[in-house]
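Keep the sequence and the 3D view open, and try each task before you read on.

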Amino acid sequence: LHHIAARVVAVLAVAHGLRLPQQQPSVISRRELARAVATPPALLVAGLASDRATGAEAPSKSRDDPSYPIRKPDATWRAELSRSQYYVMRRGGTERPNSSPLVHEKRAGEFVCAGCGVPLFRSRDKFESGTGWPSYARATENVEVEAVAFEAFTGAELRCKSCGSHLGDRFLDGQMFPGTVAFRTGQRYCIDGAALVFMPADGGAPVSGDPPQLAPQGSATELPKWLQPPTINAV
């Protein structure tokens, strides 16, 4: 448990403006830091014991694992996804907070995978977390949670169960958000908007969560290729 305790100390120190000895460098993600700021130290430490009861459903594996129903060559993913979508979904990257148009999306509907279109989250489970990423209290059966030790502290990676694309992370700090659906589930699904497409319940146009400012110049950022209408060639 020494390395876990050291990581707790590292995150809390950075969150509260303290300096750590230079011989103990620590790489801390934005989500870990935000969680440390919002969570009292006692809850962070106590939460380590809750992982055995809430454990992840799937072992860690490659995003190209043969068990995923939808698999494509890397070159195909690069061609079908925007630069930011590929970075997030196929390389496990994280978009900048408050960069996705889906952060404040409040309409009724479903949030589907930008890579294959399966439903991942529902609007009734979305809530304002203040983190800068679309947040949900629960997921559909199409979301896979990667196994990780001490999830209450580190969070667990989320993937599309159909195509293996990285979606974001699950944290067990839902009760830090009173008055929201997350308070009841005790979970926060922190998702990169680039991995999602919002499908309004009223039949309106789909909305890509891809951050526009991160997309390559000259590309269509509104929708992934599988949702774009076919091209009609002029005679």
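## Exercise 1: a cysteine and its surroundings

Not counting residues up to four places away in sequence, Cys 160 touches Tyr 68, Cys 113, Cys 116, Val 118, Leu 120, Asn 142, Ser 165 and Leu 167. Contact here means heavy atoms within 4.5 Å. Before we start, note that this is a predicted model: local features need pLDDT of at least 70, side-chain atom pairs count only at pLDDT 80 or more, and totals for chains, interfaces and linings use all residues. Residues are numbered from 1 along each chain as its sequence is written, and side-chain values use heavy atoms, with hydrogens and water left out.

**Task.** Find the strand that holds Cys 160, and decide whether Cys 160 is buried or exposed.

**Solution.** 
Step 1. Cys 160 is found in strand β6. Helices (H or I, at least four residues) and strands (E, at least two) are DSSP runs, numbered from the N terminus.

Step 2. Cys 160 counts as buried because its relative accessibility is 0%. Buried means under 20% relative accessible area, exposed over 50%, and partly exposed in between (1.4 Å probe, protein chains only).

Step 3. Now take one of the contacts, Tyr 68. Cys 160 and Tyr 68 are 92 residues apart in sequence, and their C-alpha atoms are 8.9 Å apart in space.

## Exercise 2: the nonpolar core

**Solution.** 
Step 1. Start with the term: a nonpolar core is a set of buried Ala, Val, Leu, Ile, Met, Phe, Trp, Tyr and Cys residues joined through side-chain atoms within 4.5 Å.

Step 2. The largest one has 29 residues, and those with the most contacts inside it include Cys 113, Leu 120, Cys 160 and Leu 167.

Step 3. At least two residues of this core come from each of α6 (83-89), β1 (109-113), β2 (119-122), β5, β6 (156-160), β8 (188-191) and β9 (196-200).

Step 4. Another core, of 5 residues, lies apart from it; Phe 127, Ala 137, Val 181 and Ala 182 are among its members.

## Exercise 3: a loop asparagine

**Task.** Where is Asn 142, and which backbone oxygen does its side chain reach?

**Solution.** 
Step 1. Look in the loop between β4 (135-136) and β5 (143-145): Asn 142 has its place there.

Step 2. Its side chain reaches the backbone oxygen of Pro 119 at 2.8 Å.

Step 3. Leaving aside neighbours within four places in sequence, the contacts of Asn 142 include Val 118, Leu 120, Arg 159 and Cys 160.

## Exercise 4: charged pairs

**Task.** Which residue forms a salt bridge with Lys 61, and which parts does the pair tie together?

**Solution.** 
Step 1. A salt bridge is a side-chain nitrogen of Lys or Arg within 4 Å of a carboxyl oxygen of Asp or Glu. Side chains of opposite charge can pair when their charged atoms come close.

Step 2. Lys 61 forms a salt bridge with Glu 144, with the closest N and O atoms 3.5 Å apart. Lys 61 lies in the loop between α4 (51-54) and α5 (74-80) and Glu 144 in strand β5, so the pair ties together parts that are 83 residues apart in sequence.

Step 3. Compare the accessibility: Lys 61 is partly exposed at 21% relative accessible area, whereas Glu 144 counts as buried at 8%.

Step 4. Glu 157 and Arg 63 also meet in a salt bridge (3.0 Å, N to O), and both residues are buried.

Note on methods: A polar contact is a pair of N or O atoms within 3.5 Å; within protein, one must be able to donate a hydrogen and the other to accept it, and residues adjacent in sequence count only if both atoms are side-chain atoms.
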